[in-house]
Amino acid sequence: MAQSQTVNLSASSYYVPHFSSMRYLNYGAAVREVEVNLLTGETTILQTHIIYDCGQSLNPAVDLGQIEGAFVQGIGFFMLEEYLTNSDGLVITKGTWTYKIPTIDTIPKRFNVEILNTRHHEKRILSSKASGEPPLLLAVSVHCATRAAIREARKQLLLWKGLNESDSTSTFQLEVPATMPVVKKLCGLENVESYPQSLLS
């Protein structure tokens, strides 16, 4: 009937939010436990615990997926995705043979995410907050945990050599991304030789 009388049965609207509704803070906290292989430099994320403020979540299942996805994307940024450039500043990395993106092995063995539903926010759309990209920054805790593991490995290396800890071993710069070769080098390339020698002595 509507079609024969060319009656439009759809409705549309355009919403322009108030400027203040687009400026707000997202809160989150993350705790990680990592394991670093001293011989290869591989970092394994054993467990992750995240709590994230979504305001009043419109769809918790969607927000959980967004938080988890952003976290894994952040792992790629902080730990894996190294792209090389030439002297002209042009990217020379081609494809995933040399440019490593997160895979299923990257995901923590134990991965807990909790959504924190905070109070009503008057100037925000249905009191919700973004959950798609801000959680990416929580992955910096993987980088920080890796740095702490490297520091402990350097202390252990000194014990194997029978030396005292010095400031030079506890202070170092861990680049972003902290790829396997970078982590291996900072742990001490001579670990393979030092450990058997420590057992003999």
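Okay, let's start. Keep in mind that we are looking at a predicted model.

First, the overall layout. The protein has five helices and three strands. Follow the sequence and the order reads β-β-α-β-α-α-α-α. There are 201 residues, and 31% of them count as buried.

Now the salt bridges. How many does the structure hold? Two.

Take K129 and D53. Their side chains meet in a salt bridge, with N to O at 2.6 Å. Look at where the partners sit. K129 is in the loop between strand 3 and helix 2, while D53 is in strand 2. They are 76 residues apart, so this pair links distant parts of the chain. Are they buried or exposed? Both K129 and D53 are buried.

Next, E152 and K155. These two also form a salt bridge, and their closest N and O atoms are 3.3 Å apart. Both residues belong to helix 2. What separates them along the helix? About one helical turn, because they are three residues apart. What about cover? Buried means under 20% relative accessible area, and exposed means over 50%. E152 has 47% relative accessibility, so it counts as partly exposed. K155 has 29%, so K155 counts as partly exposed too.

On to the largest pocket. Its volume is about 510 Å³. Which elements give two or more residues to the lining? Strand 2, helix 1 and helix 4 do. On the sequence, strand 2 covers 43-55, helix 1 covers 60-80 and helix 4 covers 180-187. In total, 23 residues line the pocket. Nearest its centre lie E42, T43, L80, T106 and M180. What is the lining made of? Eleven of its residues are nonpolar, seven are polar and five are charged.

Last stop, the surface. L58, I125 and L126 form a nonpolar patch there. Together they have about 330 Å² of accessible area. Let's pick out I125. Where is it found? I125 sits in the loop between strand 3, residues 110-117, and helix 2, residues 140-161. K129, from the salt bridge with D53, is in the loop between strand 3 and helix 2 as well. Why does I125 count as partly exposed? Because its relative accessibility is 45%, and partly exposed lies between the buried and exposed cut-offs.

So, to recap. Two salt bridges, a largest pocket lined by 23 residues, and a nonpolar surface patch of L58, I125 and L126. Thanks, everyone.

Key:
Residues are numbered from 1 along each chain as its sequence is written. This is a predicted model: local features need pLDDT of at least 70, side-chain atom pairs count only at pLDDT 80 or more; totals for chains, interfaces and linings use all residues. Side-chain values use heavy atoms; hydrogens and water are left out. Patches are made of residues with over 30% relative accessible area and no salt bridge: like charges are joined within 9 Å, nonpolar side chains (Val, Leu, Ile, Met, Phe, Trp, Tyr) within 5 Å. Accessible areas come from the Shrake-Rupley method with a 1.4 Å probe; for residues, only the protein chains shown count as cover. A salt bridge is a side-chain nitrogen of Lys or Arg within 4 Å of a carboxyl oxygen of Asp or Glu. Helices (H or I, at least four residues) and strands (E, at least two) are DSSP runs, numbered from the N terminus. Buried means under 20% relative accessible area, exposed over 50%, partly exposed in between (1.4 Å probe, protein chains only). On a 1 Å grid over the protein atoms alone, a cavity is a set of points where a 1.4 Å probe fits but cannot get out, and a pocket is an open set with protein on both sides within 12 Å along at least five of seven lines; lining residues have an atom within 4 Å of a point. Grid points are joined across faces, edges and corners, and a volume is the space filled by probe spheres set on the points. Ala, Val, Leu, Ile, Met, Phe, Trp, Tyr, Cys and Pro count as nonpolar, Asp, Glu, Lys and Arg as charged, and the others, Gly among them, as polar.
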